[in-house]
Amino acid sequence: MTGEEMIKVLLGTAPFFLKILLLMLLLLHVAFSLVLVRQTKLMIKVVEAEISPTIYFISVIHLLFSTFVLLWVIIFL
Amino acid sequence: MPDIFISSQPQNTAKKGNKSKKVSFASQAISSFLFLPDGVRFETQIPGETIILLLRKHWITNIAWVFMSFVFLVAPIFLFPAISLGGLIPPGFPASLLTFSILGWYLITFSYIFVNFVLWYFTVSIVTNDRIIDIDYINILNKKFAETRIDRLEDVTERTGGFLKSFFDYGDVFVQTAAKEAVFHFLEVPHPEKVVQIINELMAKVKEGGA
């Protein structure tokens, strides 16, 4: 395989590797968001206030947004 | 000596009418100095125990991450058109990748804002009529919980200094207990002199009760 052919192969496979890398990073972020939801649930038990359900709701929204971005990459990228 | 159990200014107490209730809710949500807070409980609170003070770091201590969040929020509005107009996007660059860049950017920004807010909001110091409780979240996974009884307190000191602390009236309060090396740090809390005064009054009240 010549150098030119190698570059062509690399350029051809780059989007695939990029997608795999992004998927791995986004999976990590979804895991982080899940931990965040669980931790927020524990935190609002430690100090309960009127705003606590709102904070928990935001953590769920954050998880949904993270999942949405992951699904978007799987479908469209 | 004024009785701290009788508040001259009942702060954060829902008054009659929806408007005042909304104000109370909003102010309580972001307040860092709550005297006799209404509608707040903590996990280990025992029946009959009243929260006298609930302290968080002064809001000005959040200015760095709030400013960065603002920058992160508005940056794509200027950054992406500038890159596009400047011809920095190579021809054939997939539009889906550009859309992902924007989505990913706002996802990270959302995480950054939420984590910082949660860490600030739940890192609290609580003074009740019976105990002092210090809950520190070092990060999202690590919590430090410490408590001591008021009758075990020996000394309360405050430390302020510097332009920002003097201007915004916040500082550190150190509470020394009878146990060796057990010091409670209430860092960067608003009105440190009031905190010291309230804890001293509580200590005096507990001593009077015990005598």
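Predicted model: local features only at pLDDT ≥ 70, side-chain atom pairs only at ≥ 80, totals over all residues.
Chain B has 5 helices and 9 strands. Residues are numbered from 1 along each chain as its sequence is written, while chains are lettered from A and ligands numbered from 1 in the order in which they are written.

**Overall make-up**
- From the N terminus on, the order of elements in chain B is α-β-β-β-α-α-β-β-β-β-α-β-β-α.
- Of its 211 residues, 24% count as buried, meaning that 20 or more other C-beta atoms lie within 10 Å of the residue's own, with C-beta atoms placed from the backbone.
- Contacts are pairs of residues whose C-beta atoms, placed from the backbone, lie within 7 Å.
- Among contacts in chain B between residues at least 6 apart in sequence, 53% join residues at least 24 apart.

**Five-stranded sheet**
- In chain B, 5 strands form an open, antiparallel sheet in the order 1-3-4-5-6.
- Strand 1 (33–35) and strand 6 (143–149) of chain B are the edge strands, and each pairs on one side only.
- Neighbouring strands of this sheet are turned by 10° against each other on average, direction ignored. Axes here are lines fitted to C-alpha atoms, and angles between N-to-C directions run from 0 to 180 degrees.
- Two strands pair if DSSP finds at least two bridges between them.
- Strand 1 and strand 3 (residues 51–55) of chain B run antiparallel and are joined by 3 bridges.
- B:Phe35 stands opposite B:Leu53 of strand 3.

**Three-stranded sheet**
- Another open sheet of chain B has 3 strands in the order 7-8-9, again with antiparallel pairing.
- Strand 7 (153–159) and strand 9 (183–190) of chain B each have a single partner strand, so one side of each is left without a neighbour in the sheet.
- The twist averages 15° from one strand to the next.
- Strand 7 is joined to strand 8 (residues 170–177) of chain B by 6 bridges.
- B:Leu153 has B:Thr177 of strand 8 as its bridge partner.

**Confidence**
- The model scores ipTM 0.85 and pTM 0.84.
- pLDDT is the predictor's confidence in each residue, from 0 to 100.
- Chain B averages 85, and 85% of the residues score at least 70.
- Confidence in chain B is lowest in helix 1 (residues 18–30), at a mean of 55, and highest in strand 4 (residues 124–128), at 95.
- Over residues 6–23 of chain B, pLDDT stays under 50; the model has 17 contacts beyond four places in sequence for them.

Methods:
Helix = DSSP H or I, 4+ residues; strand = E, 2+ residues; numbered from the N terminus. Buried ≥ 20, exposed ≤ 12 C-beta atoms within 10 Å, placed from the backbone. Contact = placed C-beta atoms within 7 Å.
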